[in-house]
Amino acid sequence: MSVDAYRKKHEITIICPGREAPPPFMSFQSTCFPSEILREVQQAGFKAPSPIQAQSWPIALKGSDIVAVAKTGSGKTLGYLLPGFILVKNLRHNSRDGPTVLVLSPTRELATQIQDEAIKFGRSSRISSTCLYGGAPKGPQLRDLERGADIVVATPGRLNDILEMGKVSLRQVAYLVLDEADRMLDMGFEPQIRKIVKQVQPKRQTLMFTATWPREVRKIASDLLTNPVQVNIGNTDELVANKSITQHVEVTTSFEKGRRLDQILRQQEPGSKVIIFCSTKRMCDQLSRNLSRQYGASAIHGDKSQAERDSVRLELHTHSSVTRILSMLQIL
Ligand code: ADP
Ligand code: MG
């Protein structure tokens, strides 16, 4: 399959102005991962990299910062862990001086799931990892840190506590991951995240994974990442249409438009409900006036009183369930 066909099939879009993104690894063989790692994924029964893995791995291996926007269950964890393993192997830091890879995660449950994955897939590569989260005694976590961990997975609150105690150093961190960044921000972790990141050297690789891409997440991404390559899987644009709706686009003259609308309306079954969108309030009023000679029609727009708007909405709801609205026409 060609790169374009693969990206199209898996709805991968990449944003990296002025640069070319590397082609995805469509198979495990094409990743050039060390044999220990390939054996682990084979043993796990994985047939091929998931789309986010396929496209993120080559970018991460090149050392670029990444913003990845992909849904839950898309295999993001290994998407960032495996390139992290390779960096740990290359840098050969002494893990007793602090982790090389730091993963921040919003909750204890997620943090332990990430660590489970790090243990399972990192064991044969002799990667050590530990997990720091609140709601549990610090003692065992501090002992793990003393023993040394290449990878630390942490919730921001607990990591800050331990940093304040001076029990962990982040100066060796070369690979920083913010997993579920949107949730961490929702949970109010932003100040803690910023405090933690200040302790990590600026010459690091930063990867941010998020399921949604609202303004707050964009802001923190632009503050903490350097020239990231953005990888989106699926439609992340909230304005993109629902796939279960068939769209017909017709380009006509403004003169033709009225006639065509009339034709479409007459083709509807009796009792059908139709919503028509117009670009101006004036057009809404004019069209609804014209249509009401033949059909029951009313208009809603910003200049209507709330009562008028409510009555139109009520009409839509009472006359038909929403599923009976057969057509939505947009007259531009
Ligand atoms: P996300 O973080 O995107 O929600 P996870 O990383 O938790 O997703 O992965 C979801 C599940 O898919 C996990 O059980 C994981 O082991 C599995 N998985 C990861 N990569 C693959 C793959 N390439 N093929 C099949 N399953 C995979
Ligand atoms: Mg995840």
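This is a predicted model: local features need pLDDT of at least 70, side-chain atom pairs count only at pLDDT 80 or more; totals for chains, interfaces and linings use all residues.
Which helix does Ala5 lie in? Ala5 belongs to helix α1, which covers residues 3-9.

1. **Starting at Ala5.** Once you have found Ala5 in helix α1, look at how much of its surface is open. Ala5 has a relative accessible area of 32%. That value falls between the cut-offs of 20% and 50%, so the residue counts as partly exposed. Now trace the chain onward to Cys32, which is 27 residues from Ala5 in sequence. From C-alpha to C-alpha, Ala5 and Cys32 are 22 Å apart in space.

2. An unreviewed UniProt entry marks a short sequence motif, called "Q motif", at residues 26-54. In the model, this span is 45% helix and 0% strand. Its end C-alpha atoms lie 6 Å apart. UniProt also lists a domain, "Helicase ATP-binding", at residues 57-231, again from an unreviewed entry. Residues 57-231 are 46% helix and 17% strand, and here the end C-alpha atoms are 11 Å apart.

3. **Around ligand 1.** Have a look at ligand 1 next. There are 14 residues around it, and those that come nearest are Ala48, Gln53, Gly73, Lys76 and Thr77. For Ala48, a backbone N or O atom lies 2.9 Å from a nitrogen atom of the ligand. Ser74 also uses a backbone N or O atom, placed 3.0 Å from an oxygen atom of ligand 1. With Glu117 the side chain takes part: one of its N or O atoms is 3.2 Å from an oxygen atom of ligand 1. How much of the ligand does the protein bury? Taken alone, ligand 1 exposes 560 Å², and the protein buries 69% of that.

4. The structure holds 9 salt bridges. One of them pairs Glu164 with Lys195, with the closest N and O atoms 2.7 Å apart. This pair links distant parts of the chain, 31 residues apart: Glu164 sits in helix α7 (residues 156-164) and Lys195 in helix α9 (residues 190-198). Are the two partners buried or exposed? Glu164 has 58% relative accessibility, and because this is over 50% it counts as exposed. Lys195 is partly exposed, at 42%.

5. **A salt bridge reaching into a loop.** Arg260 and Glu250 bring their side chains together in another salt bridge, 2.6 Å from N to O. These two residues are 10 residues apart and link distant parts of the chain. Arg260 is in helix α11 (residues 254-267), whereas Glu250 is in the loop between β8 (229-233) and α11. Both are partly exposed: the relative accessible area is 22% for Arg260 and 43% for Glu250.

6. Arg183 is partly exposed, with a relative accessible area of 36%. Glu180 is at 17%, which is under 20%, so Glu180 counts as buried. Elsewhere, Glu190, Arg194, Lys219 and Asp223 are linked in a network of salt bridges.

7. **Two arginines to check by eye.** Which phi does Arg92 have? Arg92 has a positive phi of about 50° although it is not a glycine. You will find Arg92 in the loop between α4 (76-91) and β3 (101-104). Arg92 is exposed, with a relative accessible area of 71%. Arg126 also has a positive phi, of about 55°, and it is not a glycine either. Arg126 lies in the loop between α5 (108-122) and β4 (129-132). With a relative accessible area of 70%, Arg126 is exposed.

Methods:
Residues are numbered from 1 along each chain as its sequence is written. Chains are lettered from A and ligands numbered from 1 in the order in which they are written. Side-chain values use heavy atoms; hydrogens and water are left out. UniProt positions are given in the numbering used here, feature names are shortened, and annotations may be inferred rather than shown by experiment. Helices (H or I, at least four residues) and strands (E, at least two) are DSSP runs, numbered from the N terminus. A salt bridge is a side-chain nitrogen of Lys or Arg within 4 Å of a carboxyl oxygen of Asp or Glu. Buried means under 20% relative accessible area, exposed over 50%, partly exposed in between (1.4 Å probe, protein chains only). A residue is near a molecule or strand if one of its heavy atoms lies within 4 Å of it. A polar contact is a pair of N or O atoms within 3.5 Å; within protein, one must be able to donate a hydrogen and the other to accept it, and residues adjacent in sequence count only if both atoms are side-chain atoms. Accessible areas come from the Shrake-Rupley method with a 1.4 Å probe; for residues, only the protein chains shown count as cover.
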